Amino acid sequence: MSDSKTNVSIDNSGVDPQNNFSLNPTFAAIVEGRMARRRFLKGSVGAAVAAIIGGPLVACSSSDGEPTPVVPPVNDAPLLGFTAVPAGRADTVQVPAGYTATAFLPWGTPLAGNYPPFLADATNSGAEQEQQVGMHHDGMHFFPIDTRSAGDNSTEGLLVFNHEYIDHNLIHPNGIDTVPRIADQVRKEVAAHGVTVAHIQQQADGSWALVNNSPFNRRITGATPMELSGPVRGSSKVITKYSPDGSRTRGTLNNCGNGFTPWGTYLTCEENWAGYFVNADAEQPREHSRYGVSSSNGRYFWETATPAADVYQRFNAASTGASAAEDYRNEPNTFGWIVEIDPFNPDSVPQKRTALGRFGHEGIIFGKLEEGKPVVLYSGDDSTFEYIYKFVSAAPYYKNTAGGHLLNDGTLYVARFNEDGSGDWLALDINNTDFVAKAASAGVTFTDQADVLLNTRLAADVAGATKMDRPEWGAVHPDTGEVYFTLTNNSRRTEQQTDAANPRAANTTGHIIRWHERETQSATTFDWDIFLLAGDVGTETPDTELVLTADNHLASPDGLWFDKNGLLWIQTDMSGSQQGEGPFGNNQMLVADPVTRQMKRFLVGPTDCEVTGISATPDMKTLFVNIQHPGDRSTPAEFTSHWPDGGTSRPRSATVVITKDDGGVIGS
């Protein structure tokens, strides 16, 4: 995901600057060598998948002539039976014939009947925003109200969704009035970040509504008290004036992708958090500089808020006191984590799970669960030339006792993609002799595991990981356990790095990779291939029969999700000129069969939006999709979108509820 809005006085690009200048090979270089002796999973991976699903993975080579496995749908309706939606630039949400899309829970919706309503002129105060749905919806999950029992309620549940960033030209009547910033404006912006928990219920007519005054309705914002858990808790590098013992922090920011746990909690990911802080010290510590903390001002100038307040001064990370306990030099170190939220307990304190690493988390996804085996989670670092990570818990998973403790102790790995189609997971562990030796060889010292995790990017550099093209969302096939990851784009690839898998001088349209772990989910070796090269009509993915057409051409794949039928849903995040002009139209969502590689466009979003975040009811008859930043290029004087309210209204991010008119399964 990217905060693609640009303001005259504020850098709101959202994509952290390139900070990886290590000599690790790029993914393009790896692919170039791999193409010379490409296997595309015909060998070890095909055998591994066949053992799981009882047949060959024909999607890897459609010319093998062997029978294809069929994942049974929720009902008997044919999957991908809809007519593809054409690319376009209408200021509306377009879905296939026979489907209906309805806007739901837009920015500013009050979470209780007696809460202040959204004001169309954007004059709601900071205190009011704290009681309303936040801005710029992103990752999302639907928890059936009976999640902790049968978990199959498709008419009532908790919809939990992220709010990635804010747009000054929309959240305030006239954009930014002044710098130094007005304190209540900053309060409103901080409140518009974070997460919304909304108790929703399907009505007799099939529509969905917020359950007003439900005790579950809740806002978690950029100011909500949180706990640090795992190896970094208590480290000297997370001590602040707010938390002298290094156990707590306030808020979660730039919440992009998400995940959910098998024990019924929500995981939200802190992505481009570094830009919110400023550290003008002559020399920044590596845990600031490697992540792009600014030396001049924070992205929104929150540190300048007047009248001054501790909750805003914390965004100034310069050293001002005699000790860390007297200032906020360590405040940025309390961000960049995966945050676990219990949506069913409104009094619970969110936990930042530091064992999962600190970087620009785009999303977090569990590998296939196995009773008595460790839990495995994957996450991408959404910045140019960054890495893909995997966490393996120290303790095994047992359904009856599983909980957040499993995320506090384990091993974090980073991926190396080898030329021959194999891959290795490299341990980032202070007790791993190979890792320590590599660090020493690079002249890098880590004092303990907390130091490794606080500097996850640096640890991955010295381990020798493969630099990727903006790793974003991941998805795990519900039956095979295969892992898919979007690599959104990388325009910095040079002419010298072109290859058979990326035949363009710059990877402006991105691609999707996939891999299968050898033997078990917690294995340290895997095999990989390219599932899809994105691009215009006629783009081919080598060694497959996939050639993009008008029904499925796409650019900048981002959001990724497998439904229970084994269909892969792909969402796009084009920005800049790619979003505003060219052949792809507005951002969109497609659905693919990973076995046959058949793919169709299912949804096109309104003007200047990003399509992101997706979940469904257990019966697969209601799909929830988020529309972020419609009217992204708006100014206070002119809105480029008026979705979802129409007319001359201010654009608002919102969830879209999608149903099939005949009551059938989504995707059929």
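This is a predicted model: local features need pLDDT of at least 70, side-chain atom pairs count only at pLDDT 80 or more; totals for chains, interfaces and linings use all residues.
Mentor: Residues are numbered from 1 along each chain as its sequence is written, and side-chain values use heavy atoms, with hydrogens and water left out.

Trainee: Why does W302 count as buried?

Mentor: Buried means under 20% relative accessible area, exposed over 50%, and partly exposed in between, with a 1.4 Å probe and protein chains only. W302 has 1% relative accessibility, and therefore counts as buried; Y300, at 1% as well, is buried on that ground too.

Trainee: What makes Y276 and W302 an aromatic pair, and what is its geometry called?

Mentor: Rings of Phe, Tyr and Trp (its six-membered ring) pair if their centres lie within 6.5 Å, and planes under 30 degrees apart count as stacked, over 60 as edge-to-face and the rest as tilted. Y276 and W302 are 5.3 Å centre to centre with 50° between the planes, so the pair is tilted. Y300 and W302, at 5.4 Å and 40°, likewise form a tilted pair.

Trainee: Why is the charged end of R248 said to sit over the ring of Y242?

Mentor: The label requires NZ of Lys or CZ of Arg within 6 Å of the ring centre and within 35 degrees of the ring normal. The charged end of R248 is 4.7 Å from the centre of the Y242 ring, and K600 lies over the face of F82 at 5.4 Å from the ring centre, so both distances fall within the 6 Å limit.
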